[in-house]
Each structure stands twice: as structure tokens, then as C-alpha cells.
Amino acid sequence: MYETTDFKKGLWIEYRDQPWTIVEFQHVNPGKGSAFVRTKLKHLETAQVLDVTFKAGVDRVGVPDVEAKTAQFLYKNADEYTFMDSATFDQFVIKEQELGNNVYFIIAGSNVKVMFYRGKPVTCEVDNFIELKVAEAQPNIKGDTSSGSGKPITLETGLTITAPFHISKGDTVKIDTRTSTYIEKVNVNKVK
């Protein structure tokens, strides 16, 4: 069992006999009354977000039967994503709605951490930073660089973000998957 003192961002918990992850939490100690912990929980299977308040030091939640396995993304078929377990080579499918925004950060051949709840694959976690190719970008217009706001670009996975004006179609960029924001242009010719 987890107590409220164990809460941290990203912790998997079992609340009302269902798996959730803590997206946000805040410990509140009002002047009057007992302390409490305000949380935002995301359901592991349905991606539903729920605001829940727990009494600090009193309420407890369960430890879910969640297992993480490294898997390789193979292909997408309609709204289903097929993965292969890197250790056993077993293939399994996860629905697009269960993956949420992670669909924008998964490309064929990439490795992800797939979460299994009671033996069933339910979602995946991607790296905090990934590199993707730019599929579409507006042409540069002379004088645009002074505004500093950037321009919309579309990545190979279909995600549209704002990037600096010097980014063009075919470039590779580094993206923060937690905020879906541009970090930097990647020099693909550099020696590793």
C-alpha cells in the first residue's frame, strides 16, 4: 500500500480497483483542519483524467499489478499499433486511444516501454526527448527572423509544433515529448 507521503509524479497506483498514474499532486496544509493531498490522476487504460483529494497520512492506495517491458514498435494498422516484446519476440496490439499523445512520438523500429496491467498491454511510455524529421514547413520569408515567435512545422508522425524560422522540410529536430515542444535542430552529419 502507498501512503500519501509516497506520492510523486508518474507513480502508478491502484485507486478504486483500477490502475492510475499520478500526473500532478500538491500537499496542502491549511491553517484550520487536516492536511490533504490534491492529485490529478490519469487512468492507465482509458486515459481519463480525474481530480482526487486524499487525507494526508490517513488515506492509502494500492500498488497495481503493473509491469513494464521494452518493446519495439512494428507498424500501425487502422487504429491499432503492433509491438514486439524485445525479450520474447511476442507480438501484441494496443489501440490508438490507449496510447494518447504518445502516438506522435512512436516511429517504426523505435523502442518504447510498454505497460502491462494484469498481463494485458495497456499503454506505453516514450523517452523524454526524441528526434523526428520535419515533413512540412512553411518557406522562410525574409524579415521573419526578427519576430522570434517561430512558424508551424509538421513532423513525420503528424504532430504540428512551433519551431524557429530556419527549420525547413527534411530537417531533423529534437522534441520534448512531455510538452510537445521544439528543443533544437539536430545535425545528422555529426560524428558519434
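Trainee: Why is Phe89 called exposed?
Mentor: Exposed means over 50% relative accessible area, buried means under 20%, and partly exposed is in between, with a 1.4 Å probe and protein chains only. Phe89 has 55%, so it counts as exposed. This is a predicted model, in which local features need pLDDT of at least 70 and side-chain atom pairs count only at pLDDT 80 or more, while totals for chains, interfaces and linings use all residues. Residues are numbered from 1 along each chain as its sequence is written, and side-chain values use heavy atoms, leaving out hydrogens and water.

Trainee: What makes the phi of Phe89 worth a remark?
Mentor: Most residues other than glycine have a negative phi. Phe89 is not a glycine, yet its phi is positive, at about 65 degrees. You will find Phe89 in the loop between β8 and β9; strands are DSSP runs of E with at least two residues, helices are runs of H or I with at least four, and both are numbered from the N terminus.

Trainee: And Asp17, is that buried or exposed?
Mentor: Exposed, since its relative accessibility is 63%. Asp17 also has a positive phi, of about 60 degrees, and sits in the loop between β2 (12-15) and β3.

Trainee: How do you know that β10 and β11 pair?
Mentor: Two strands pair if DSSP finds at least two bridges between them. β10 (residues 111-117) and β11 (residues 120-125) have 5 bridges, so they qualify, in the antiparallel sense. Val114 stands opposite Cys124 in β11. The two strands form a hairpin with 2 residues between them, and Arg118 in the turn has a positive phi of about 50 degrees.

Trainee: How many bridges join β3 to β4?
Mentor: There are 8, with the strands antiparallel, and Thr21 faces Lys42 in β4.

Trainee: What makes a set of residues a nonpolar core, and which residues have the most contacts inside the largest?
Mentor: A nonpolar core is a set of buried Ala, Val, Leu, Ile, Met, Phe, Trp, Tyr and Cys residues joined through side-chain atoms within 4.5 Å. The largest has 27 residues, with Phe83, Leu99, Ile106, Val114 and Leu155 having the most contacts inside it. Strands supplying at least two residues each include β7 (66-77), β10 and β12 (129-137). A second, separate core of 13 residues includes Phe7, Leu41, Phe54 and Val61.

Trainee: Which residues does Phe83 touch?
Mentor: Contact means heavy atoms within 4.5 Å. Leaving out residues up to four places away in sequence, the partners of Phe83 include Phe73, Phe92, Leu99, Ile106 and Val114.

Trainee: What makes a space a pocket rather than a cavity?
Mentor: On a 1 Å grid over the protein atoms alone, a cavity is a set of points where a 1.4 Å probe fits but cannot get out, whereas a pocket is an open set with protein on both sides within 12 Å along at least five of seven lines. Lining residues have an atom within 4 Å of a point. The largest pocket is lined by 27 residues, with Thr21, Val23, Lys42, Asn102 and Arg178 nearest its centre. β3 gives the most to that lining, with 4 residues.

Trainee: How much space lies in the largest pocket?
Mentor: About 970 Å³. That volume is the space filled by probe spheres set on the grid points, which are joined across faces, edges and corners.
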